[in-house]
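Student: I am new to this structure. Please pick one part, look at it closely, and then lead me on from there to the rest.

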Amino acid sequence: MPEPKEPRAPRPKSEQTRTLILETAMRLFQERGYDRTTMRAVAQEAGVSVGNAYYYFSGKEHLIQGFYDRIGAEHRVAVRSVLDRETDLQARLAGVLTAWLDVAEPYHEFAAQFFKNAADPDSPLSPFSPDSRAPREESIGIFREVLAGSRAKVPAELKDTLPELMWLSLMGLVVYWVFDRTPGRERSYRLAERGARLTTLGVSLARFRVLRPLVREVHELFTDFLPGMADPETARNTAPEADRKAGTGPDAEDGPEAEDGDAGTPGRRTERPSP
C-alpha cells in the first residue's frame with residue numbers, strides 16, 4: 001500500500017498576496033486591455049491597498065515581468081520530460097518549442113495586447129530590454145541544456161552562439177503564435193516542428209569544411225548584434241584560432257571535409273584508384 005503523501009507546506013502570506021495581485025492583473029488585462037488597466041484598479045480588485053500593490057510590483061510594467069517570470073517557470077517544468085528522455089537534437093528542440101506553446105495557450109486571447117507594447121524597443125516589456133534580462137537568460141539557459149544534452153556534434157564556432165539563436169527562433173515563434181488564429185494554434189505547432197528540423201539540418205551541415213566560412217560569418221553576425229554576447233572585438237581576435245582548429249585557416253592541414261561520415265558522402269575526399 002503506497003505511503004500517504006506529506007501535505008504541502010502552505011505558501012507564505014507574502015507569496016499568496018503577490019500571486020493574487022498578479023492573477024488579478026492578468027484578468028483585468030484580459031477584460032479591459034493593458035492600457036486601460038491601472039495599478040489602482042488592480043489593487044481594488046485584489047482587495048489590497050494601492051501601497052501594498054506597489055510594494056510587490058513597482059509599476060504596471062513589472063506586473064508583465066511577473067507574467068514573464070511565471071511563463072518561464074512553467075516552461076522550465078514542462079520541458080523536463082523531453083530533456084530528461086531525448087538525446088536527439090531535433091526532438092529536444094521541437095519538444096522545448098512546443099512545450100512553450102502548451103504553456104502559453106491559456107494566455108493567447110490577450111497576448112496581442114502585450115505584444116503591441118513589447119514590440120516597442122524602448123519599452124521595458126521588450127524581451128530585449130534590461131528589465132527582461134532575467135527571464136531572457138533563463139530561457140537561453142534552457143537552450144544551452146538542449147544543446148549540451150544532445151548527441152549532435154556542434155562546431156566550436158556555434159557552441160556559444162547557438163543557444164541564443166535558438167532563443168531568437170522562439171521569439172519568432174512567439175510573434176507568429178500571437179497572430180495565429182488556426183484551431184488549437186495548429187500552424188504554430190507545425191512551425192515549431194519544422195523550425196527544429198531546419199535548425200538540426202543546419203547544425204549537421206555546419207560540420208562540412210566547405211561551409212565553415214558561412215558558419216563563421218553567422219557567428220560574427222550574431223556576436224555583434226545579439227544581446228549579451230561577447231565583445232565583437234574579442235570574437236574577431238579569436239577567429240584565426242577557431243579557423244585553425246576547424247581546418248579552414250591558412251595554416252590548416254589537409255584533412256577530411258567533414259569531421260565524420262562514410263566514404264563517398266558529400267564533402268569527403270575519396271582516393272582515385274590507380275590506373
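Tutor: Start with Y55, which counts as exposed because its relative accessibility is 65%. (Exposed means over 50% relative accessible area, buried under 20% and partly exposed in between, with a 1.4 Å probe and protein chains only.) The model is predicted, so local features need pLDDT of at least 70 and side-chain atom pairs pLDDT 80 or more, while totals for chains, interfaces and linings use all residues. Numbering runs from 1 along each chain as its sequence is written, and side-chain values use heavy atoms, without hydrogens or water.

Y55 sits in helix α3, residues 50-56. Y55 and R18 are 37 residues apart in sequence. In space, their C-alpha atoms are 9.3 Å apart.

Next comes helix α1, residues 13-32. Its axis comes within 9 Å of the axis of α2, residues 39-46. The two cross at roughly 120°. (Axes are lines fitted to C-alpha atoms, for helices over the stretch in contact; angles run from 0 to 180 degrees between N-to-C directions.) The crossing of α1 and α2 is right-handed. (Ala, Val, Leu, Ile, Met, Phe, Trp, Tyr, Cys and Pro count as nonpolar; Asp, Glu, Lys and Arg as charged; the others, Gly among them, as polar.)

R136, S139, I140, F143, R144, V146 and L147 are the α8 residues here. They meet L162, P163, E164, M166, W167 and L170 of α10. Nine residues of this contact are nonpolar, one is polar and three are charged.

Stay with V146 in α8 for a moment. V146 is buried because its relative accessible area is 0%. Leaving aside neighbours within four places in sequence, V146 touches L83, L89, R92, L93, V96 and M166. V96 is 50 residues away along the chain, yet the two C-alpha atoms are separated by 8.1 Å.

D88 brings in the loop between α5 (80-85) and α6. D88 counts as partly exposed because its relative accessible area is 28%. Its C-alpha atom is 7.1 Å from that of A152, which lies 64 residues apart along the chain.

Two arginines in loops come next. R185 is in the loop between α10 and α11 (186-205). It has a positive phi of about 55°, although it is not a glycine. Most residues other than glycine have a negative phi. R185 counts as buried because its relative accessibility is 14%. R207 lies in the loop between α11 and α12 (212-225). R207 is buried too, at 14% relative accessibility.

Now turn to the largest pocket, with about 740 Å³ of space. (A pocket is an open set of points on a 1 Å grid over the protein atoms alone, where a 1.4 Å probe fits, with protein on both sides within 12 Å along at least five of seven lines; lining residues have an atom within 4 Å of a point. Points join across faces, edges and corners, and the volume is the space filled by probe spheres set on them.) The lining has 35 residues, and Y68, W100, P127, M171 and V174 lie nearest the centre. The elements giving two or more residues are α4 (60-78), α6 (89-104), α7 (111-118), α8 (133-148) and α10 (162-178). α4 gives the most, with eight. The lining divides into 25 nonpolar, five polar and five charged residues.

Finally, step back to the whole protein. It has 13 helices and zero strands. Of its 275 residues, 40% count as buried. Among contacts with a separation of 6 or more, 67% join residues 24 or more positions apart.

Note on methods. Helix = DSSP H or I, 4+ residues; strand = E, 2+ residues; numbered from the N terminus. Left-handed = near helix turned anticlockwise from the far one by under 90°. Contact = heavy atoms within 4.5 Å.
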